[in-house]
Every structure is written in C-alpha cells, then in structure tokens.
Amino acid sequence: MTTTDYDVVVAGAGPVGLFLGCELGLGGARVLVVERLTEIDETIKAGAINIPSAVAFYRRGLLPELTAVWEAALERMRAFKKEAAGKEGAGGNAGASGRKEASGREDGEPRMPPKFAGHFAGIMMDADLFDGSAPVWAEVGPVADAGLGVPQAQLERILAARAARLGVEVRRGVELTGFEADEEGVTVHLGGPEAIRAGWLVGCDGGRSTVRKLAGFDFPGTDPEITGYQAVVEMSGAERLGVGWNTTDTGTYVHGPFPGRVLSVEFGGPPADRSAPVTAEELQASLRRVSGVPEVTVTKVVTATRFTDNARQVTDYRKGRVLLAGDSAHVHSPFGGQGLNLGIGDAMNLGWKLAAVVRGRAPEALLDSYTAERRPIGAWVLDWTRAQIAVMRPDRHARALRRVMTDLALTTTGTTYLVTRISGVWQTYDLPGDHPLTGHSAPDLELADGTRLGDRLHTGRALLLDLTDDPGLRARAEEYDDRLDVLTAACPARPDLAALFLRPDGFVAWAADGGDGADALPAALERWLGTPASIARPAA
C-alpha cells in the first residue's frame, strides 16, 4: 500500500469537480481530483450556463474564454437557422405531421425567437417581451451581455487548463472504489493497491455517485416517468422535422440549434438500462414515434445519452468528513439546463469554506453553512423541473395547463418572471444582517478608476471595499490581512454605499451606508473568516 497525503480528494473531474478543485487550490489546499474516464467526455450534455455560473467564471477571470466559445457556437446556430429557413421556404418540411402544438403552432414552424431568452418545458421565451428594468439586471456586469451557451465539454477544457495553471493535481483513468472515514480524515481506495489518506473527501461523481452510495446519504425524491434521448447524429429526412422544440400527441422532440442535434421525450416510464449504448435504431424509433415523420432515418450516432426525470436530493450535503456537490447531491431532468449551474454554485460556495477549514483559518462549523445555503436552491430547481414535466405530459389535463402557460409566456410579465427564474439572478443566501445587499451576490460596481468589482475577486480572497476612504473601517480589518484584501475606491454611480465586505464567492456578508453599521463588521469578519491571525498565532 502506498500512502499519499492530501487535504482534500475530489472524486469526479467534470465541471463541478474541476471548478471545486480550482477553488480549493486557490485557497491553498493540497487537492487531488480523480476521474474514472481517461479523457474529457464528449457526450452531448449541458449546453448553457446561467447568470450565477457566468458570474462565478467572471470573478475568477475566465469570462474571455467563455465568450470565445459562445461566439463560435453562435456561428454554428446561425448557419443552421439559415439552412432550415431555406428548406422551409422551399417546402422542405411540408410533409411534417401538421398536428398542433399546445401553443397553436404547427409542428413544422420554427420556434426560435428573435433573440434567445430560454424556455420553460419547450415554451420559448421571446426576448422582445422581456423587461430588464429591475436593478438586479444592471448589477450583474458584463455577463448580462455575454453569450451563455457553452457546451459542457468546452467548460471542462477551460477548467482543466485552469487547474493545471494552479498546480491542482488531476488524475484521469483512476476510479474511486471505496473509502473509510473517521474523525480525523478519509482513506480513499483507488481501484488497486494504492490508498490515499486525506482530510476530506468530496463526491462530484455524478447522479449515480459512488461516494454518495458508500457514505449512506439519504436521497429522497420522486420516481421518473420519462425516457429521454439527447444526441448528435447524421440522418436523412431531417428537413421534414420541425425546427426547435416541438410538442406532439405522443411526446416532445427538438431539432437544432445546430445540424444533427436532436432530443426526444416519451412518457412511457424510465429506460430499462440507462448504461447500455444508445443505438441508431433506438434513436430513430423514438424520433419517428414522437415526430410522426416516418421518413427520418438515423444513419450514424456521433454522441448520445439517455436521461429521465428522476428527481432526488440528499437531506444533508455533509456526513462527517465526506461532502457532496453537483449531481452527486441532487438529480433531476435536464430541462432548463439547471443541473450544471446548480453544481457550479455548489462548488463556488463550498470551495473557499473547505479551503479555510483545512488551512486552519476557520472552524469546521463554517461548513454547516454549505448545506444551509445551497440546499434550498437545489430544492427549488427540483420543483422547477418537476413543473416542466407536468406541463409536457401528453394527457389532456397537461395540454390544457400548457395552453395557459403559453398564454402567460406571451406577456411581458410572464416572460420577465420566467426569464428571471431561469437566469438565476434571484438566488440569494439567508445571511445575518439588515442591509438590503446582505446575502446577495455583490453588484458589479464600476469604480472610479474604470475597473469593475468582479475583476477584483480573481484571487479568491475575501474583499473589504471601502468607498469613503475610512481609516477606522480599514483598521478593523487589519488582523485579517492574511485572508482579506482591502480596497479603497470610489463608485460615483452608488454614492449611497459606504462599504461592502464580500466573501470569497462574491456574496455580500456585510454592507453599510454612510457611517451606519460599522460596529457589525468585526462580527461578520469573524463569522466568515474565522479567528484573526494575530489571535490565532502563538506568542513568540
């Protein structure tokens, strides 16, 4: 047996595991990320990130990479829409089933709005109906104008490169097969004679998590009722399929937004074997049943996956020295693209806290806030996806409900509500303090020197922003100089604000207007950053 010591072992090198590994490394932890697969998984999965996820990447200096990937994806989508419009104009999809979708549109009609704003159960949002006048939209910064369609495999490449730059060790082709946890740490077995001794283990190993099962986490929820397929294929007869989301008498299918991408959903129960390879015949049969287009023929499967609407969530994200993040902690249908985003939020929340604990800068009790803050958002996501399943069912009651939802989505109020919920800008944490900004993701203030607040968070350290050049305020933070950056600046657009204390994840832990509230700063600093260094250090 070979023993190697790490502060944290992360099981799973998908986007959540890699993001967490980077956050831990940024916080000074010795971390090992292990992944069963030898290469990045190119299987088509999540294709969009929401505002909180984009903000997390922005706050770590990764927005340019996201934007570059999105611009390349946009070109593919524009080419597909142009090609589809040309075929439709030539009567290419005249043979489509012609059945009415719940909104009243024919199956073959394009579903893409002038500007993409998301969807609810395949009911597309029209960005021209969206009212973005709420202050929260002005405060998210440049991510509000950035494209957010980034394939999961591309995210993994961005994060793998960042992990390498940070010196985070990632081992591929290594599978966690077991572990023993005690009060002092975890012994992790990696499928051979090697065992790793670590202080903590975090399962980011997906919906069928080995870590979750072996640790015995409670995982209650609702059983699945659908079988879904998402794939990129080569096929003939595609010109007879409707473009975008199509709801028929037998289910739902999607064609686009780039050539060969298809999705189908049938309400006949879950698949008998989710792990079996998805064949061309299986995909073709599902597409034909749902679309009513017998001419569509799948000739090659480039990449494909099955999914269901199994919706479950662990009751606690921590069991002693073992924690969960991402799909390991919660599973649900993929509609609305919430799963990846939920996991990135978990990693951003947990990373700095666990790093502070392992570095001795904060007590273990800090980790209790992880479940308290993240589980309510996870529970909301599960219900959001359940609601979409209810609207997608092919029975008469569900179709009546779908018509009501479609009517609501065609109003400014309805679109604004749905887009706001889908975007994630509403997400807050219940933190102590009376200021309206406390518990909110920090507004991306534009400072007098032309920089933005988000660009000041690249180091992964907490930040005290002094907007009134107050020496007394800065003096209160001096004892935390090993874990807190202090920035004195002006913000002409927000003369009401005097100061902000941001946690490393960018959430506001304390704020003050004028001279009000400064007495509460020391308690906030200690709550989130632990005991001051001058007290923690032994006397010489």
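I take helices (H or I, at least four residues) and strands (E, at least two) as DSSP runs, numbered from the N terminus. I am working on a predicted model, where local features need pLDDT of at least 70, side-chain atom pairs count only at pLDDT 80 or more, and totals for chains, interfaces and linings use all residues. Residues are numbered from 1 along each chain as its sequence is written, and side-chain values use heavy atoms, with hydrogens and water left out.

**Entry 1: overall counts**

I looked up the elements and found 14 helices and 22 strands in the protein. Next came burial, where buried means under 20% relative accessible area, exposed over 50%, and partly exposed in between (1.4 Å probe, protein chains only). Of the 540 residues, 54% count as buried. I then took the accessible surface by the Shrake-Rupley method with a 1.4 Å probe; for residues, only the protein chains shown count as cover. The total comes to about 22,200 Å², and carbon and sulfur atoms hold 52% of that surface. For contacts, I use heavy atoms within 4.5 Å. Among contacts with a separation of 6 or more, 72% come from residues 24 or more positions apart.

**Entry 2**

I count two strands as paired if DSSP finds at least two bridges between them. I started at β6 (residues 178-181), which pairs with β7 in the antiparallel sense over four bridges. Four residues link β6 to β7 in a hairpin. Phe179 has Val188 in β7 as its bridge partner.

I followed Val188 onward and found it opposite Ile196 in β8. Strand β7 (residues 186-189) runs antiparallel to β8, with four bridges between them. Val186 is bridged to Ala198 in β8. This is a hairpin too, with five residues between β7 and β8. Its turn holds Gly191, with a positive phi of about 75 degrees.

How many residues of β8 (residues 195-203) are buried? I get eight of nine, so the strand is mostly covered. I also checked β8 against β17 (residues 322-324): three bridges, parallel sense. Gly203 has Leu324 in β17 as its bridge partner.

**Entry 3: the four-stranded sheet**

I traced an open sheet in the order β20-β19-β21-β22, with mixed pairing. Its edge strands are β20 (484-488) and β22 (508-513), each pairing on one side only. For angles, I use axes fitted as lines to C-alpha atoms, for helices over the stretch in contact, and values run from 0 to 180 degrees between N-to-C directions. Neighbouring strands here are turned by 15 degrees against each other on average, direction ignored.

I looked at one pair more closely. Strand β21 (residues 497-502) is joined to β22 by five bridges and runs antiparallel to it. Ala499 stands opposite Ala512 in β22. Which helix lies across this sheet's strands? I find α13 (residues 521-529) across β19 (462-466), β20, β21 and β22. Helix α13 runs at about 20 degrees to β21.

**Entry 4: helices α9 and α10**

I took the packing of α9 (residues 368-392) on α10 (residues 396-409): an angle of about 115 degrees, with the axes 7 Å apart. That makes the two helices roughly perpendicular, on a scale where under 35 degrees is roughly parallel, over 145 roughly antiparallel, 65 to 115 roughly perpendicular and the rest oblique. From α9, Ala390, Val391 and Met392 take part in the contact. They meet Ala398, Arg399, Leu401, Arg402 and Met405 in α10.

I sorted the contact by class and got six nonpolar, no polar and two charged residues. In this scheme Ala, Val, Leu, Ile, Met, Phe, Trp, Tyr, Cys and Pro count as nonpolar, Asp, Glu, Lys and Arg as charged, and the others, Gly among them, as polar.

**Entry 5: backbone exceptions**

Most residues other than glycine have a negative phi, and most peptide bonds are trans. I searched for departures. The peptide bond from Gly256 to Pro257 is cis, with omega near 10 degrees. Pro257 sits in the loop between β12 (251-255) and β13 (261-266).

Ala121 has a positive phi, near 55 degrees. I place Ala121 in the loop between β3 (116-120) and β4 (123-126). Is Ala121 buried or exposed? I find Ala121 buried, at a relative accessible area of 0%.

Asp469 is not a glycine, yet its phi is positive at about 50 degrees. I locate Asp469 in the loop between β19 and α12 (471-476).
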